[in-house]
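Please read this note with the structure open beside you.

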Amino acid sequence: MDNNNASPRVTKETKNKIRVEFDRTPLKERLKAKYLNGFFYKKVALVIFRFVLLLGLSYIILFPFFSKISASFFSPKDFLQTDVKYIPKFPTIDQYKYLITENHYLKAMLNTFLLSGICAVLQMVVCAFIGYGFAKFKFKGNGIMFAVVLITMMIPHQFLESSMYLKFRYFVLDGTGIYSALGLTQGLINTFAPLVILSLTGLAFKNGLFIFIMRQFYKGVPDELEESSYVDGYGVFKTFFLIIIPLSVPMLVTVFILAFSWQWTDIFYVNMFLPSSKTLLLTSNAFWQQMPATLEAASAAQLSGATAASDLYVVAVRNTAGFLVIIPLIIMYLFCQRKLIQGIEHSGFGGM
């Protein structure tokens, strides 16, 4: 290579000399050189574009939440005021008060927490096992079985609704008299059993996605770790629990949070397997669709004859119930945000 054609190297002394000379120039010249150039204009335009884009996206995402939260403090009188849009003239917390007391919010939240916690733990453990098996063990039919897992992510749940309902309505022991002895007149329907069994067998809501996530993560774990543990005398299960599981904590937390959140807000399976259960859940119609008697009486008295305003008030009460449903998830996300982000970063999607 010809040294004469090589670009000159800029040394530290040269940079310092240029900086000193620039500082000695008049302020007007410095400002002109710094701000009146194409690079600065492009940078300003990019900043403005980014700000407008983020502002628009924030508005689209946050405005529905703001409007629903604002309406949750409206009294029936506010829905009769044509000049009231987002700020109530007669603010009240009656919607929260009577949803919590008359619709038994705390009881529903405890039941939902119990069901979601059990299902999330089972899905986390089962999907970790299955994902590890798909990622690290070579066996006949591996690709076909994993393709079946992917297909479960594509099939609409409504397509399997009737068959799943009948399967648990007449589940295995039907006709033996055991269900009658336990007081279960409809098989396992109206119990937590269908949801627990689906979680335990890796067939529950979004389990195909969780298996895929865990498989992608385990494919990124070096085989040398397992080989060295085998040399030390560890078996497959001991290696999995003592070597692999500690590495998987961020991913396990991610799967748990996702499974817990989706079970917490699930309406499809709850209404299918618990249509008339006495166990109150946050997603059951008895909580988020049933109007508290006190609010119904108040709206009937104050909105008599105003059908449109009455309908808007009913929608506002249901939106308030929905907001009460997601409040625990928001709190959980605030505490688990870092683990969730770490799990997504290590999920292995970049290596697909």
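The numbered points below start with the ground rules and end with single sites.

1. **Ground rules.** This is a predicted model, in which local features need pLDDT of at least 70 and side-chain atom pairs count only at pLDDT 80 or more, while totals for chains, interfaces and linings use all residues. Residues are numbered from 1 along each chain as its sequence is written, and side-chain values use heavy atoms, with hydrogens and water left out.

2. **Overall build.** The protein has 17 helices and zero strands. Helices (H or I, at least four residues) and strands (E, at least two) are DSSP runs, numbered from the N terminus. Of the 352 residues, 33% count as buried. Buried means under 20% relative accessible area, exposed over 50%, and partly exposed in between (1.4 Å probe, protein chains only).

3. **Contacts and surface.** Take the contacts in the protein with a separation of 6 or more: residues 24 or more positions apart account for 70% of them. A contact means heavy atoms within 4.5 Å. The protein exposes about 22,200 Å², and 67% of that is supplied by carbon and sulfur atoms. Accessible areas come from the Shrake-Rupley method with a 1.4 Å probe; for residues, only the protein chains shown count as cover.

4. **Largest pocket.** The space in the largest pocket is about 480 Å³. Its lining has 22 residues, and those closest to the centre are Thr152, Met153, Leu203, Ala204 and Gly208. Helix α6 gives the largest share, five residues. By class, the lining has 15 nonpolar, six polar and one charged residues. Ala, Val, Leu, Ile, Met, Phe, Trp, Tyr, Cys and Pro count as nonpolar, Asp, Glu, Lys and Arg as charged, and the others, Gly among them, as polar.

5. **How pockets are found.** Rolling a probe the size of a water molecule over the atoms shows where empty space is left. The search uses a 1 Å grid over the protein atoms alone; a pocket is an open set of points where a 1.4 Å probe fits, with protein on both sides within 12 Å along at least five of seven lines, and lining residues have an atom within 4 Å of a point. Grid points are joined across faces, edges and corners, and a volume is the space filled by probe spheres set on the points.

6. **Second largest pocket.** Here the space is about 290 Å³. The lining has 15 residues, and Ala71, Phe74, Phe79, Lys85 and Leu312 lie nearest the centre. Helices α3 and α17 (307–345) each supply at least two lining residues. The lining divides into eight nonpolar, four polar and three charged residues.

7. **Ser67.** This residue sits in helix α3 (residues 38–71). Is Ser67 buried or exposed? Ser67 counts as buried because its relative accessible area is 18%, under the 20% limit. Its side chain reaches the backbone oxygen of Pro64 at 2.8 Å. A polar contact is a pair of N or O atoms within 3.5 Å; within protein, one must be able to donate a hydrogen and the other to accept it, and residues adjacent in sequence count only if both atoms are side-chain atoms.

8. **Thr239.** Thr239 lies in helix α12 (residues 236–247). At 0% relative accessibility, Thr239 is buried. Its side chain reaches the backbone oxygen of Gly235 at 2.7 Å. Leaving out residues up to four places away in sequence, Thr239 touches Glu226, Ser229, Tyr230, Tyr234 and Ile244.

9. **Gln290.** This residue is in the loop between α15 (285–288) and α16 (293–302). Gln290 is partly exposed, at 44% relative accessibility. Which residues does Gln290 touch, not counting residues up to four places away in sequence? They are Asn103 and Asn285. Gln290 and Asn103 are 187 residues apart along the chain, with their C-alpha atoms separated by 7.8 Å.

10. **Ile118.** Helix α5 (residues 105–136) holds Ile118. Its relative accessible area is 36%, so Ile118 is partly exposed. Ile118 and Val196 are 78 residues apart in sequence and 7.4 Å apart in space, C-alpha to C-alpha.

11. **Positive phi.** His104 is not a glycine, yet has a positive phi of about 55°. His104 is in the loop between α4 (94–101) and α5, and is partly exposed at 45% relative accessibility. Asn190, also a residue other than glycine, has a positive phi near 70°. Asn190 lies in the loop between α8 (178–181) and α9 (193–200), and counts as partly exposed at 22% relative accessibility.
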